[in-house]
Amino acid sequence: MNRTQAMRCITQSLTPATVVVCTLGKASNALYSLGDRAMNFYMLGSFGMAASLGVGLALVRTEKVVVIDGDGAILYNLGCLATVGWVRCSNLIHIICDNKVCESTGSQPTATSAGIDLASIGRSCGIDAIRVSSVHGLRNALKSALDSRRPQLIVVELDDGSDASWPRLPLTALEIKTRFRTALGTPHGRRIQRRKCYSSA
Amino acid sequence: MSTPEEQIANYFALAGIRHIVAVPCRYIAGLLNVLSKDQRFALLYATREEEGVAIAGGVHLGGGKAVVLMQNSGLGNMVNVYKSLYTYYNLPACLFISQRGDEFDDVDAQRPMGSITGALLKVMDIACSELRVKEDMSKIPEGLRRFTQRSKSIAFIARKSLWMQP
């Protein structure tokens, strides 16, 4: 499966109410080109932090929060998997598109190229984790994740090499934020969920 | 008569803060203990400060309010996330930072970061409110209003002396 196929499958599987956070680089450019919507938050800076931003959103929102991440990005912030498992974010679906390289910076290898398994790491953090390598597998995994009430991790194995290039997304940071918050309908903090304390297991 | 820790918890609650994201520090262990037992808050511990501020950013984007507690050495870890997320997307941050490496600190390793904390906040363009003694706590509501009403960042710098007074 290449990135276009994976991203198309993801965008087709989302319900209108799903909140999406997408990591920077090719992932955001591809998502914008293939399925832009106001509920997409493109995280253009702060590499590696998309999943953590997703945790914060998942804490205060009732909707499902889907994070589209990369292998290089999650390896930059691996501790967040422990946090996701600890906090038990029941509405968080973390998708890692694993192409085993940092493609946006010139395809330098990441640790997953040596067989390090992000799904196993996620599982040991208490997250339901699955690896998929086909569009069919990804579609089924997303369907099951959207129905679940436990934190979900889907590691999507992408083929080697880039399959397409997408133009840089044309939105400014403030445009991304403003339309995202407007789409959530809570620019002033309505409909906030009270959640339990996470300080002890 | 409430303790400084209880008073701070009350200020946070009155400001509408419901989420506390923390990276532990010995100096604020008492405050973390109070906050963890206070049902008005959901407290979670982040693995690093940059992760903590990213989580707080998500809370804010989702319509909530979070404060991030950390020690000043962690300020160095979060510089990029603060500038590339908070500054870039114009989000407000509320930071409660314990000051290590000052004259009260017996750990030498804390001094290099301790000596640049104020300058670092200044160059990051984060307004700073220093809490040296109990009387300084009256500055907290004003700082919190800056965060909640004007959507501007604020960093409270808590000196060890704040907790040392009888």
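## The sheet of chain A

In this predicted model, chain A has an open sheet of six strands with parallel pairing, in the order β2-β1-β3-β4-β8-β7. Strands are DSSP runs of E with at least two residues, helices are runs of H or I with at least four, and both are numbered from the N terminus. Two strands count as paired if DSSP finds at least two bridges between them. At the edges sit β2 (40-42) and β7 (128-132) of chain A, each pairing on one side only. From one strand to the next, the twist averages 15°; axes are lines fitted to C-alpha atoms, for helices over the stretch in contact, and angles between N-to-C directions run from 0 to 180 degrees.

For a closer look, take β1 (residues 19-22) of chain A, which pairs with β2(A) in the parallel sense over three bridges. Here A:Val21 has A:Phe41 of β2(A) as its bridge partner.

## The sheet of chain B

Strands β1 (residues 19-22) and β3 (residues 66-71) of chain B run parallel and are joined by four bridges; B:Ala22 is partnered with B:Leu69 of β3(B). Five bridges link β5(B) in the parallel sense to β6 (residues 154-158) of chain B, and B:Cys128 has B:Ala155 in β6(B) as its bridge partner. Together with helix α6 (residues 140-148) of chain B, β5(B) and β6(B) make a right-handed β-α-β unit, meaning that, with the strands pointing away from the viewer, the path from the first strand over the helix to the second runs clockwise.

## The second largest pocket

Of the 19 residues lining the second largest pocket, A:Leu24, A:Phe47, A:Cys102, A:Glu103 and A:Ser104 lie nearest its centre. Two or more lining residues come from each of α2 (26-35), β3 (65-70), α4 (71-75) and β5 (101-102) of chain A, and α4(A) gives the most, with three.

## Reading notes

Residues are numbered from 1 along each chain as its sequence is written, and chains are lettered from A and ligands numbered from 1 in the order in which they are written. Local features need pLDDT of at least 70 and side-chain atom pairs count only at pLDDT 80 or more, while totals for chains, interfaces and linings use all residues; side-chain values use heavy atoms, leaving out hydrogens and water.

Methods: On a 1 Å grid over the protein atoms alone, a cavity is a set of points where a 1.4 Å probe fits but cannot get out, and a pocket is an open set with protein on both sides within 12 Å along at least five of seven lines; lining residues have an atom within 4 Å of a point.
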